[in-house]
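Visitor: I am new to reading protein models. Can you walk me through one, feature by feature?

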Amino acid sequence: MAAPKTLIAPSILAADFARLGEEVRAIEAAGADWVHVDVMDGHFVPNITIGPDVVKALRPHAKIPFDVHLMISPADPYLEAFRAAGADYISVHPEAGPHLNRTLKRIRELGAKAGVVFNPSTDPAVIQWMMDEVDLILVMSINPGFGGQTFMHSQLAKITALRAMIDATGRDIPLEVDGGVTPDTARLCVAAGATALVAGTAVFRGGAANYAANIAALRG
Ligand code: DX5
Ligand code: ZN
C-alpha cells in the first residue's frame, strides 16, 4: 500500500496580508490540505500578527481545516474566540501557561482538535503522560516568531522520538513540522516520521501561479 500523502499546511504569514482572502482561496485551489495561521502576541514571541477577527474573516474563503498555531501567553483566555472564529486545530506551546493538560481539555471541550507545539528546546516528555489527550503534535524546526528562518537539523531526532511515542498509542495523531521547510528539508522530516508540513516561504514564493507546483514539490 502506498504511504499516505503528506499533508501540506501553508503558513499565511508569508502571504500578501493586503489580499489574505484571495491568498487563502489560492492555496486551497493549489492543493493545500490545511491553512496554517500563526498567531503572535509580541510577548511570548517577539512579533505581532493576527487575532481571531482575522481568522473569522478568512474562514468563509476556504473549506479545508484551519490549523491555528498560538504563540501567545496566556492562551487560555483566547481559546473560545479562536474556536468561534472557525479554528479546527488549536495548538499551544507548553510554556504559554501553567496547566497544559487543562488547556488541551478546554480546546476539546470547545469542539476543536488540541495540538501541542514543541520549541527547539522543549522535551517530548512534556506530553508523555497524556498522549490520549493530544490530537496534533507540532515540532518547531526554528525558534518561533518569524518566517524565512533556516531549518534546524537538530530537531530531526525529536521528530523520530515523537513518531515512536505516537506509534505506541496506536492512534493516528498528525506529526507536523514548522519552520524552514523546503523540498529538501521536507524529505528529511518525512523520513523521520512527519506526516504534515507547514511552509510559508516555500509555498508563497513566486506568486499564485506557482502555488500548486510549490506545494507539489514539498510532497516530493
Ligand atoms: C514561525 C511560524 C511559522 C512560519 C514558517 O513562528 O510558526 O509557521 O510561518 O515560515 P517558513 O516556512 O518561511 O519558515
Ligand atoms: Zn506556525
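Guide: Start with one residue. Thr 169 is found in helix α5. Helices (H or I, at least four residues) and strands (E, at least two) are DSSP runs, numbered from the N terminus. This is a predicted model, where local features need pLDDT of at least 70, side-chain atom pairs count only at pLDDT 80 or more, and totals for chains, interfaces and linings use all residues. Residues are numbered from 1 along each chain as its sequence is written, chains are lettered from A and ligands numbered from 1 in the order in which they are written, and side-chain values use heavy atoms, with hydrogens and water left out.

Visitor: Does Thr 169 count as buried, exposed or partly exposed, and why?

Guide: Thr 169 has 25% relative accessibility, so it counts as partly exposed. Pro 60 reaches 69%, so Pro 60 counts as exposed. Pro 60 lies in the loop between α2 (52-58) and β3.

Visitor: How many residues separate Pro 60 from Pro 74 in sequence, and what is their distance in space?

Guide: They are 14 residues apart in sequence and 28 Å apart in space, C-alpha to C-alpha. Now take Thr 169 and Ala 114: 55 residues apart in sequence, 16 Å apart in space, again C-alpha to C-alpha.

Visitor: What should I look for at Pro 74?

Guide: Look at its peptide bond. Ser 73 and Pro 74 are joined by a cis peptide bond, with omega about 0°. Pro 74 sits in the loop between β3 and α3.

Visitor: In which order do the strands form the sheet?

Guide: First, the rule: two strands pair if DSSP finds at least two bridges between them. Here 8 strands form an open sheet, ordered β1-β8-β7-β6-β5-β4-β3-β2, with parallel pairing. The edge strands, β1 (7-10) and β2 (35-40), each pair on one side only. Neighbouring strands are turned by 25° against each other on average, direction ignored.

Visitor: Which strands pair with β4, and over how many bridges?

Guide: β4 pairs with β3 (residues 66-71) over 3 bridges, in the parallel sense. Another 4 bridges join β4 to β5 (residues 113-118), also running parallel.

Visitor: Are the faces of β4 covered or open?

Guide: Both faces of β4 (residues 89-92) are covered. Tyr 89 and Ser 91 on one side are buried, as are Ile 90 and Val 92 on the other.

Visitor: At what angle do α5 and α6 pack?

Guide: Axes are lines fitted to C-alpha atoms, for helices over the stretch in contact, and angles run from 0 to 180 degrees between N-to-C directions. Angles under 35 degrees count as roughly parallel, over 145 as roughly antiparallel, 65 to 115 as roughly perpendicular and the rest as oblique. α5 (residues 156-169) and α6 (residues 183-192) pack at about 30°, with axes 8 Å apart. They are therefore roughly parallel to each other.

Visitor: Which residues make the contact?

Guide: Contact means heavy atoms within 4.5 Å. From α5 come Leu 156, Ile 159, Thr 160 and Arg 163; from α6 come Leu 188, Cys 189 and Ala 192.

Key
Buried means under 20% relative accessible area, exposed over 50%, partly exposed in between (1.4 Å probe, protein chains only).
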